[in-house]
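Have the viewer ready and follow the points in order.

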Amino acid sequence: MRISFSMNARRAPIAFVLLLPRFLSALCLAPSGEAATPPDAAPVILIQNTTVMTVSHGTIEHGSILIKDGKIAEVGQSIKAPTGAQVIEASGQFVIPGIIDCHSHIAAEAINEGSVSVSSMVNMEEVLDPEDIDIYRDLAGGVTSANILHGSANSIGGQTLVIKLRWGQPAAKLPFEGAVPGIKFALGENPKRSNFSIPGQPRRYPATRMGVAETIRGAFSEARDYKKTWDDYHKRVAAGEKNLIPPRRDLKLEPLVEVLEGKRYVHSHCYREDEILMLLLVAKEFGFTVRTLQHVLEGYKVADELAAAGVGASTFSDWWAYKVEAYDAIPYNAALMTRRGVLVSINSDDAEEATHLNQEAAKSMKYGGLTHDEALKLVTLNPAIQLGIDNRVGTIDVGKDADLAIYNHDPLSAYAVVQKTLIDGRVYFDRDKDLASRAEIEKEKKTLTDKLKKEEKKPEEKKPEEKKPEQSPKPPALSAAPTAQARAVQGGAL
Amino acid sequence: MKRKRAARLGSPLYFFDFLCLVCLLAAPAAGAQIQAPSVYAITHAKIFTLAGSPIEDGTLVIRDGKIAAVGAAVEVPAGARVIDAKGLEVYPGLFDAVTQIGLSEVGAVGATVDATEAGNYNPDVVAATAISPSSEHLPVTRASGITEVLAVPASGGFDFGGSRGTLGGQASAIHLAGWTIDEMLIRKSAAMVVNWPQIQTQTFDFATFSRKEKPYSEAKQEYDKQVNELTDWIDRARHYAQAMEKGAVSKYDRDLKLEALAPVVRGELPVLVFANRARDIRNAVEFCDKQKLKMILAGGAEAYKVKDLLRSKNIPVILRPMLSSPPDEDDPYDRELTEPAELAAAGVKFAIASFDNSFARRLGQNAANAVAHGLAYDEALRAVTINPAQIFGLGSQIGTLEQGKIANIIVTDGDPLELTSDVRYLFIKGQLTSTQNKHQRLYEKYANRPKASN
């Protein structure tokens with residue numbers, strides 16, 4: 001149900017708008033020097049003379065990172081550049097592991113199949129949009145991987161996946177290879193539709209937190225039966241029985257069976273302490289685990305319970321009061337849960353928020369006194385562990401993917417600006433090149449607009465008359481700042 | 001120096017004293033009469049007056065709610081409560097120039113929101129009327145060093161599906177502390193809100209819950225209709241104001257809406273015009289110019305495109321947060337972040353505001369992000385202190401640390417725009433004011449939860 005409104009009506013024909021990302025992607029991705037590099041060949045790169053914040057083993061002053069075949073080959077103080085290596089001189093700058101956003105909705109054509117309360121049959125992978133400009137914007141904010149989630153319109157939502165922000169690559173190249181797939185659950189106000197209703201549609205079950213619990217229990221009861229049907233079938237096949245008709249596949253229950261088998265992670269949207277504990281109880285009843293609790297703004301109230309259940313918590317930095325279930329949200333949440341032994345990450349749930357997750361993590365030092373390292377982990381190693389990709393990313397260690405973000409200041413400051421972002425040892429974002437390409441983009445844009453203007457001046461072809469809506473309700477006029485919270489209240493993703 | 005006789009807040013004894021005061025401020029006891037001290041001296045601080053260079057080892061004296069003295073060689077008056085601020089920094093409190101603070105408690109719950117009145121023309125409604133002095137947002141926002149805000153009706157939130165009406169009502173400038181709204185008021189009517197009509201070819205239809213496309217000609221007609229209506233309101237207000245002057249308005253034919261617009265047409269009350277697109281801004285400027293209205297632009301996502309116009313007409317801008325997505329997908333990724341630097345270079349006067357209530361505490365963060373993208377640090381600081389004060393005609397009362405101004409002051413452990421800085425002491429109207437809030441209370445409560453036995 002997340003709807004993003006354009007801030008104002010666009011006069012430009014849709015085709016024009018659709019064209020832009022294409023030529024932008026071409027221009028941004030292939031800045032002059034690198035145009036010759038084939039997309040899949042990662043160069044040998046040495047980042048030198050820089051402050052390396054490894055996250056796993058401290059900070060190395062005047063350090064270097066050698067990258068080969070897309071992996072980190074060496075980390076240390078004095079590494080000689082191999083012949084032919086591309087050298088990135090980064091003195092006075094700071095390198096951290098690429099930021100991992102554990103709750104994102106970028107690169108998606110749609111995020112909510114809101115018509116049913118269990119929509120586990122739909123999959124975000126089928127609607128990946130590699131041309132979403134937010135991929136590039138988040139990349140420019142140091143984000144290298146993101147957990148692309150279904151929305152929170154239903155108790156059990158769609159299937160989810162982790163991507164790398166490989167801007168310029170086709171959709172098939174976005175998924176994080178080998179990452180465990182997930183499924184979105186949602187508790188509380190959004191699945192019970194407390195804050196909005198769709199005109200003309202009856203109230204949808206569930207409409208209470210009681211019903212949300214029963215919806216999940218009901219779905220897993222079915223999934224258990226379904227699993228048993230298949231298990232029995234496989235047993236009989238294994239025993240040599242012939243001419244058996246296999247059970248009918250159920251695309252809704254299959255992903256839930258994968259949850260029961262531990263092959264699919266549950267990422268559950270939640271706010272209040274009672275619904276958090278409810279989900280842990282249901283999970284226990286059916287024998288599955290919850291991988292991460294998303295938002296989990298009252299997680300600090302039940303931190304011991306979360307720690308005991310070994311469930312990860314992925315929260316906001318300082319959002320509050322946009323809904324009643326966010327009224328007890330406090331900016332100390334991340335620190336309080338961390339101190340009680342919960343694995344915590346800070347996420348964005350919003351393309352713009354993702355561009356400064358480093359800053360959002362920094363707030364946990366002020367609110368609750370996390371150390372610099374602990375704060376940095378909230379957006380690097382911890383989300384990597386939560387998504388089961390920490391063998392590949394999350395720290396700066398030899399053998400890991402060369403997914404890195406380079407800042408001009410300590411990244412835990414509001415004054416830090418990303419200079420370069422690397423994924424798989426390739427520079428996917430380069431601020432200097434971005435700045436240098438702007439004049440060219442403007443020129444090309446002008447050429448296109450002029451061409452369109454010329455076309456518009458030609459006598460207009462009569463378009464078939466569109467049906468006018470009977471009533472045209474006043475649309476939300478986002479004349480003021482369309483904040484993330486405002487979008488949230490629209491029945492949002494969060 | 002008479003410091004020996006002065007009560008020292010820095011000493012353990014007076015720290016206890018301070019705690020008591022804090023507790024009293026945090027939880028007012030019924031009937032308890034407390035006599036708050038009226039004279040304070042902040043000593044040994046680095047003082048950023050914003051009216052000259054910083055004072056390295058300075059003293060600031062507060063008396064009867066005002067700044068009595070500030071400088072390097074200022075005497076501590078007898079009987080003053082002394083705050084030894086060695087190692088700390090002193091700044092004017094921050095001013096968030098567009099918020100719904102006090103008007104909206106929980107965004108999604110209509111019963112707690114009084115931000116936007118129904119209907120398109122409500123010039124008579126006044127924010128101060130509906131501001132809740134007990135809102136949890138006040139102390140939470142204070143804790144981030146914000147001492148005063150403009151509470152702006154029809155400026156945000158999603159009441160009425162986001163529809164805000166053209167004449168949204170009067171914005172009130174308030175201190176973020178006070179037992180009653182009267183104690184909080186800086187200026188009850190500080191600006192008249194105008195949501196500039198937009199030409200909308202794309203709309204959202206709630207009946208079908210889907211996007212609708214509208215031909216440009218149709219959208220333009222609707223826009224023209226709205227501008228004509230607004231013109232009509234202003235014309236009628238002008239006639240009404242003339243009639244008022246001549247004493248021709250009797251108590252029987254009094255029109256409260258036109259009466260509210262009288263100061264606007266007289267050029268006494270500025271119009272705070274919300275517009276983001278260059279075309280809308282240009283149209284609004286032309287309108288206000290023609291109608292001789294004193295315009296302040298709010299939003300201004302594309303103000304950079306019309307910066308010369310804004311400069312030549314002396315129209316100040318209240319910029320929406322830098323931490324916003326660029327308006328168009330083909331905009332540079334840092335489009336919003338570089339705008340303050342561009343406006344500053346063009347000589348356009350601007351303030352930075354949160355345009356929110358619960359994100360008000362990101363005010364400093366937004367300003368710092370502008371600095372990271374080319375805005376001079378001093379300019380950023382001014383954009384959240386003296387600039388908004390001056391833009392709303394309050395520059396002689398607040399916004400800098402100068403003798404005679406209202407003592408809205410913060411004492412911090414560092415750069416007030418940086419994420420990790422803390423406000424150690426906060427003064428509003430010369431009173432040491434608690435920064436304790438709901439969030440800290442919950443933090444302390446749950447930090448002290450005994451370990452669960454599981």
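1. Contact here means heavy atoms within 4.5 Å. Chain B has 13 helices and 19 strands, where helices (H or I, at least four residues) and strands (E, at least two) are DSSP runs numbered from the N terminus. Of its 454 residues, 59% count as buried; buried is under 20% relative accessible area, exposed is over 50%, and partly exposed is in between (1.4 Å probe, protein chains only).

2. A word on ground rules. This is a predicted model, in which local features need pLDDT of at least 70 and side-chain atom pairs count only at pLDDT 80 or more, while totals for chains, interfaces and linings use all residues. Residues are numbered from 1 along each chain as its sequence is written, chains are lettered from A and ligands numbered from 1 in the order in which they are written, and side-chain values use heavy atoms, with hydrogens and water left out.

3. How far can you trust chain A? Its mean pLDDT is 88, and 84% of its residues reach 70 or more; pLDDT is the predictor's confidence in each residue, from 0 to 100. Over residues 1–39 of chain A the pLDDT is below 50, though that stretch has 91 contacts in the model beyond near neighbours in sequence. Residues 465–494 of chain A are also below 50, with 95 such contacts. Where pLDDT is low, the predicted coordinates should not be read in detail.

4. Now look at helix α6 (residues 256–265) of chain B. Its buried residues include Leu258(B), Leu261(B) and Val265(B). The buried residues of α6(B) pack against β9 (167–175), β10 (185–195), α5 (216–245) and β13 (271–275) of chain B. Both ends have something to see: at the start, a side-chain oxygen of Asp255(B) reaches to within 3.0 Å of the backbone nitrogen of Lys257(B), and just after the helix Gly267(B) takes a positive phi of about 80 degrees.

5. Another helix of chain B, α10 (residues 363–372), holds Ala370(B). Ala370(B) counts as buried because its relative accessibility is 0%. Which residues does Ala370(B) contact, leaving aside neighbours within four places in sequence? They are Met322(B), Leu337(B), Pro340(B), Ile352(B) and Leu375(B). The C-alpha atom of Ala370(B) is also 7.0 Å from that of Ala341(B), 29 residues apart along the chain.

6. Asp232(A) pairs with Lys228(A), closest N and O atoms 3.1 Å apart. Both sit in helix α3 (residues 209–238) of chain A, four residues apart, about one turn of the helix. An α-helix has 3.6 residues a turn, so residues three or four places apart point the same way. Asp232(A) is partly exposed, at 29% relative accessible area.

7. One salt bridge crosses between chains: Lys445(A) meets Asp330(B), with the closest N and O atoms 2.9 Å apart. Lys445(A) lies in helix α11 (residues 431–457) of chain A and Asp330(B) in the loop between β15 (317–319) and α9 (335–346) of chain B, so the pair joins two chains. Both partners are buried.

8. Within chain B, Glu342(B) and Arg335(B) form a salt bridge at 2.5 Å, N to O. Glu342(B) is partly exposed at 23% relative accessibility, whereas Arg335(B) is buried at 8%.

9. What does Glu418(B) do with its charge? It is buried yet has no salt bridge, and the nearest side chain of opposite charge, Lys366(A), is 9.7 Å away. (Lys and Arg count as positive and Asp and Glu as negative; His and the chain ends are not counted.) Glu418(B) is found in the loop between β17 (409–412) and β18 (423–428) of chain B. Its side chain makes a polar contact with the side chain of Ser413(A) at 2.7 Å. A polar contact is a pair of N or O atoms within 3.5 Å; within protein, one must be able to donate a hydrogen and the other to accept it, and residues adjacent in sequence count only if both atoms are side-chain atoms. Leaving aside neighbours within four places in sequence, Glu418(B) is in contact with Ser413(A), Ala414(A) and Tyr415(A).

10. Last, the cysteines. The structure holds zero disulfides over all chains, a disulfide being a pair of cysteine sulfur atoms within 2.5 Å. Cys102(A) is buried at 0% relative accessibility, and Cys270(A) is buried with a relative accessible area of 0%.

Conventions
A salt bridge is a side-chain nitrogen of Lys or Arg within 4 Å of a carboxyl oxygen of Asp or Glu.
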